[in-house]
Amino acid sequence: MKTYKYVALFTVAVILGVLAVACGQAAPEVQTVVETVVVKETVEVEVEKEVIKEVEVEKEVVVTKEVEVEKIVEVPAEEVELVYMTAGDVNMLALAQNLLAATFKDEVNPDVNLRTIHTGPGEAGSRLIFEKMKADKEAGKEVGDVDVAMVHQVFMTWAMDESDLLLQYAPDLETFQYVTAADAKNALGADVDGFVMPMFHSQTAIAYNPDVVSDPPQSYEELVAWVEDNPGMFGYNGIKGGMSGVSFTVGWLYWKTGNYDKYAAGPFDEAEIDAWTPALEDMKAFNENVTFTAGNVGTLDALNRGEIAMGPVWVDMFYTFKQEGKLDPNLKLSLIEPGMPGQPMYFVIPANAPHPDAAKQFVEYVTSPEVQGGVIIDRYNWYPGIDGGFVADSAPPEAFDRLYQDITPELLSERGKSFPVSDYFTAMLEAYERVVISGN
């Protein structure tokens, strides 16, 4: 008689801990797997009562395993509210709200909602942005409230005096390679290389009526002679009614002193101020034969009505007024020697921006050749923030030709000047008031 003793069958439970998928923190899924495996058993066989032998036999058994497996669950990405503060005229607000917010969301990142805050034109608008960023920093906010901002050059003279206020982000962008303008490295004497990306450049020039001015002046010297022969037919807004008049005044001092490089790069030398007096006395005499206009728009209106035949204007306003039918289509532009100042507006990103990656993505989008050509040039008549050579193929041909028909890229490069460093700029305006307006 044979008796058998079997090794007990067993059920194996294996628990494997798996981290939840980072996206959405989905819990692992438990799956039951049933397998049939072969188990070798040791069997004691009693053949005779005196003799016991051990033999191996094979038997199929069912093994049940409970295993946690990773299950990937797609969770919708959280939407980002990108806070964009912009100084400048109301057209800056309209550009962001009515155009860029929608196109960036549709074409680049559907998870980003651009919220635009407009702080106002000129230095005051940029000052509000600076004060907000500085307040966040001084409050010790590791994460601030502003993602990206649009500022004037003067903003950089304040911001670069503050350590760790701004992110040096521009080299991370694909479009950084297209930036060649000197004012992307130096802003009124401040070293801004890598901290800014120009969105566009505004440039001043002399607008004129070719029906009256058949041979327009090509220099300040020729302009002075023309004004003497045609009193009252040149108009500008001085230094109180807008930046086109300020630009003309600064250009006058560049011409008279020949010290553009010194004033544009610094450092400030107070001894220069007294040297301006003869130049400004000449300007006072020049003003006796000019017509003073009521601001930047006032100069364009006076040209359109024929009250003046020539005057300094902003190029973008000039072409926009033409397109809107507010200006005689025959009027033309001239950028006189040695040149007149213009200014960029810059994208900056705070060092404590809540969403720096999305902010970089937005800046890269706006400074792409496609947007620079199709929006900055075609819709707004600004000179592009990146080198025009990279935009020529992206802008509509008629828009590119319109912007550069009177002032070629080569002429713009030669005669488009920067405003002086902040201390010189302030001193020039104060000297104008003292000598030209007050006569002291």
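User: What volume does the second largest pocket have?

Analyst: Rolling a probe the size of a water molecule over the atoms shows where empty space is left. On a 1 Å grid over the protein atoms alone, a pocket is an open set of points where a 1.4 Å probe fits, with protein on both sides within 12 Å along at least five of seven lines. Points join across faces, edges and corners, and volume is the space filled by probe spheres set on them. Here the second largest pocket has about 610 Å³.

User: Which residues are the closest to its centre?

Analyst: Lining residues have an atom within 4 Å of a point. This pocket has 24, and Ala181, His201, Leu412, Ser413 and Gly416 are the closest to the centre.

User: What is the volume of the largest pocket?

Analyst: About 1000 Å³. Of its 35 lining residues, Asp89, His152, Met243, Trp314 and Gln343 are the closest to the centre.

User: How far can I trust the model?

Analyst: This is a predicted model: local features need pLDDT of at least 70, side-chain atom pairs count only at pLDDT 80 or more, and totals for chains, interfaces and linings use all residues. Residues are numbered from 1 along each chain as its sequence is written, and side-chain values use heavy atoms, without hydrogens and water. pLDDT is the predictor's confidence in each residue, from 0 to 100. The protein averages 86, and 82% of the residues score at least 70.

User: Where is pLDDT under 50?

Analyst: Where pLDDT is low, the predicted coordinates should not be read in detail. Residues 1–27 stay under 50. Over residues 47–51 the pLDDT is also below 50.

Conventions
Contact means heavy atoms within 4.5 Å.
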